[in-house]
Number of protein chains: 2
Amino acid sequence: MLLSKLFVPITKDLPSEAKIKSHQLMLQTGMIRQSSAGIYSWLPLGYKVMKKIENIVREEQNNIGAQEMLMPTIQSADIWKESGRYDDYGEEMLRISDRQKREMLYGPTNEEQITEIFRSSVKSYKLLPQIFYHIQWKFRDELRPRFGVMRCREFYMKDAYSFDLNESGATLTYNKMFYAYLKTFQRLGLKSIPMKAETGPIGGDLSHEFIILAETGESKIYADKKVFDISIDRYKDEKASLEKMKNDFSKYYAVTDDKYKSTEFDKNVKKENQIETKGIEVGHIFYFGDKYSKSMNCSVDTKEGKKIFVKMGSYGIGVSRLVAAIIEAKYKDNKMKWPKSVSPYDVVIIPSINKNDSTNLTKAKKLYEELKKNSLDVLLDDIDENISNKFKKHDLLGIPFQIIIGSKSSKDLFEFKEVNFESKMLDLNQIIKQIKN
Amino acid sequence: MLLSKLFVPITKDLPSEAKIKSHQLMLQTGMIRQSSAGIYSWLPLGYKVMKKIENIVREEQNNIGAQEMLMPTIQSADIWKESGRYDDYGEEMLRISDRQKREMLYGPTNEEQITEIFRSSVKSYKLLPQIFYHIQWKFRDELRPRFGVMRCREFYMKDAYSFDLNESGATLTYNKMFYAYLKTFQRLGLKSIPMKAETGPIGGDLSHEFIILAETGESKIYADKKVFDISIDRYKDEKASLEKMKNDFSKYYAVTDDKYKSTEFDKNVKKENQIETKGIEVGHIFYFGDKYSKSMNCSVDTKEGKKIFVKMGSYGIGVSRLVAAIIEAKYKDNKMKWPKSVSPYDVVIIPSINKNDSTNLTKAKKLYEELKKNSLDVLLDDIDENISNKFKKHDLLGIPFQIIIGSKSSKDLFEFKEVNFESKMLDLNQIIKQIKN
């Protein structure tokens, strides 16, 4: 893509409410544009990053055998009255009345809807266990939307729902999802820590939040620093290994402020290992047994012909929020560097452009075509502006690899730079190898 | 995928309102489930088909240089008041009041929103021409939602918006989109005919609907049968060729009932070439000049320093509706056959299963693994039911290739069948070749 043709409307005057780095950077690089309070349009650059995140989330859901589907955004109030949450949810739920005066709502979550689908179609234990997920827009009418897409009203979320016959089956499913989450965040370049958490309006007895460390986070967290040393690569998607994984994580104290008790913290964690900091919630999983299946009469026949209420869990990842969370985690020393897996482009070519001399631009265009032929997604900064302004701009755009075409480049060698590393003179093949590595 | 694990809840008792084949078949094969009037959940099978359609639509938009972005579903009423459409739109627009009593709405279309984004960021002719598109859920509060996803309330749509400096540029953009639409529908296995149409609530002077023939269509159409002989393969995405394409189509009479006049039809089309039938609208494109740019004050500076209102067009494809439209076009003689490009699976293996003999199922599972290794998306019907019921079920599921494992199959040869063709005995490599061809 030529930068001169790419629609990246850069906001120069930041609005006063853009207080955290991710909000500022997403406006500065034209990733998003506010449409109304807490509601954003995703412009091409932001959209690309979000889609890459979405695809990684999807692949890891598929890897544990979850089936993708898609529930609508607008739900009938009736099912929420059945579960008893219609009144509980309060003003955060966007309530709508259609032209026939039917009570509808913009779904803030989908436990009721999936339970209704399941109960109407599944009557026997034979289809269990089952995990369904969808990636869909949701709406929560926050009183004070803030921090850009981090705490907005219309947001994009992966939510999964599981159905099991009994608690031991449900525990295995919960562990699978726990594993899929750690895998997902690892592929997104993030170190996430599962922490015991309150269940809030979803309900239930067991719940973990997945938190990444960031000074700007809204959650206070308390943890034993040893929990950060556990690598997900040690485990695999098999019952025994998954149990070991959950036990290993449970050995170390790691909670958000809801669950924090200073006496417990001091009792369980040596002073020198205590970490008190802030974090961003990027995922949240719940096991709530028959909370919805009972109130909504969702049962299956067991092998023995008995009716039992299915055991359910739900599992969320904030896909749009992750775009901001990654920025909060990766922006350092006035520079953004996107993880390769979600960068809007694989590499950017930055020619030094001089009005009276098109040599660099011509060279850059040739290289651009070569890299595209090698299936790389390349951005060419063909804009006529001075090179130091260009570098400042690319510090924000955060594409992890740069090729600088200026005085240093010779006929076949180009100045190649991975952000935060020294630049090297490389030829085309070496460059392709470095990027694809 | 094993059919026993796939969530395809089959509706046996069709509701009385399911009058057309696509609605019936989508319920019978568990592709969708109604959530409330005119609002549907897309279950795994339906979701897969819709996603494949979406991807083809996306690729053809990208091929003509359109940039993808994503606008939110909920819009502020303010911009609709600016354009003057807030009152015009009537009760089809789902109006919402948020917790702060702000007037919002669920977008039925996005002309206002994209114009607002464009005017706030683009000030110079230099970024023109430009096409943006998004694929997003929309809502039209139909008085009588019917025909399943064909005329529903919450629907999935690709809508594109173009910005040009002058009318000749805008015509080229219009022709590019015309071309992209014909390419898209061709890849979906559909023969679509562009027809001059009324512009309706979008407005403007020039508009084409893309219609596919189907007895169940809601649009009456009148055409010269010669228009069906024009192949899009004759043209390419270059100015002169695109003009020729539009002229070639314009030579033949082809209109929907809005534009139909019997005297013109008889004057322009020989009796023996006259086609009067019904069709389904699958796409609609509009050129409306400065209708929105003027009312919303969206101008750019020209090279000469003059301010001009940009010339705009909009271009829609109903992605969710296309799932139903393809069924209406492809279901024949009590059998569905999905076009290969959008079939939920590449191939289905149908073993004849006998309670006391697992030979066929074992053979089927081995073949299933082999085909998966060759990157094919395979469905294995491992359900224990009699073979004639299986065949009836697969007549509805419509996967275009079947491998039947029964008495005919020998050690290395399997009964391979493309739906609507004779079956043949083939070995693994021949089967892979046939499917991938």
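Two residues are in contact if their C-beta atoms, placed from the backbone, lie within 7 Å. Keep that cut-off at hand for these exercises, which use a predicted model.

**Exercise 1. Find out how chain A is built overall, and what share of its contacts join residues 24 or more positions apart.**

Step 1. Start with the secondary structure: chain A holds 13 helices and 21 strands. Its radius of gyration is 24 Å, close to the 22 Å from the globule rule for 437 residues, so chain A is as compact as a globular protein of that length.

Step 2. Now look at the outline. Along the principal axes, the C-alpha atoms of chain A fill a box of roughly 80 × 60 × 40 Å.

Step 3. Take the contacts in chain A with a separation of 6 or more: 72% of them are between residues 24 or more positions apart.

Step 4. Turn to burial, where 47% of the 437 residues in chain A count as buried.

Step 5. Finish with the domains. The assignment gives domain 1 (21-330) and domain 2 (347-436) in chain A, and their centres, taken over C-alpha atoms, are 40 Å apart.

**Exercise 2. Decide whether helix α1 of chain A is enclosed or open, then follow S22(A) within it.**

Step 1. Count the buried residues. Helix α1 (residues 21-28) of chain A has 6 of its 8 residues buried, so the helix is largely enclosed by the rest of the structure. The buried ones are K21(A), S22(A), H23(A), L25(A), M26(A) and L27(A).

Step 2. Ask what they pack against. The partners of these buried residues are β1, α2, α10 (319-330) and α12 (387-397) of chain A.

Step 3. Check what comes after the helix: G30(A) follows α1(A) and has a positive phi, near 60°.

Step 4. Zoom in on S22(A). A residue is buried if 20 or more other C-beta atoms lie within 10 Å of its own; S22(A) has 27 C-beta neighbours inside 10 Å, so it counts as buried.

Step 5. List its contacts, leaving aside neighbours within four places in sequence: S22(A) touches G148(A), M150(A), A324(A), I327(A) and E328(A).

**Exercise 3. Work out how chains A and B are related and what each brings to their contact.**

Step 1. Superpose the chains. A rotation of 180° with 0.0 Å of shift along its axis places chain A on chain B, with an RMSD of 0.0 Å. That is the relation of a two-fold axis.

Step 2. Locate the axis: among the residues of chain A, I96(A) comes closest to it, at 3.0 Å (C-alpha).

Step 3. Count the contact residues, and you find 36 from chain A and 36 from chain B. On the chain A side there are 19 nonpolar, 10 polar and 7 charged residues.

Step 4. Compare the two sides. Of the interface residues of chain A, 100% are also interface residues in chain B, so the copies meet through the same surface.

**Exercise 4. Identify the residues with the most contacts inside the largest nonpolar core, and trace the surroundings of I349(A).**

Step 1. The largest nonpolar core has 251 residues, and those with the most contacts inside it are I53(A), I349(A), I403(A), I53(B), I349(B) and I403(B).

Step 2. Set aside neighbours within four places in sequence, and I349(A) is in contact with A364(A), L367(A), Y368(A), V378(A), L380(A), D381(A), I403(A) and I405(A).

Note on methods
Residues are numbered from 1 along each chain as its sequence is written. Chains are lettered from A and ligands numbered from 1 in the order in which they are written. This is a predicted model: local features need pLDDT of at least 70, side-chain atom pairs count only at pLDDT 80 or more; totals for chains, interfaces and linings use all residues. Copies are superposed by least squares on the C-alpha atoms of residues with pLDDT of at least 70 in both. Ala, Val, Leu, Ile, Met, Phe, Trp, Tyr, Cys and Pro count as nonpolar, Asp, Glu, Lys and Arg as charged, and the others, Gly among them, as polar. Domain bounds come from an automatic or database domain assignment. A residue is buried if 20 or more other C-beta atoms lie within 10 Å of its own, exposed if 12 or fewer, and partly exposed in between; C-beta atoms are placed from the backbone. Helices (H or I, at least four residues) and strands (E, at least two) are DSSP runs, numbered from the N terminus. The radius of gyration is taken over C-alpha atoms; the globule rule is 2.2 Å times the number of residues to the power 0.38. A nonpolar core is a set of buried Ala, Val, Leu, Ile, Met, Phe, Trp, Tyr and Cys residues joined through C-beta atoms within 7 Å.
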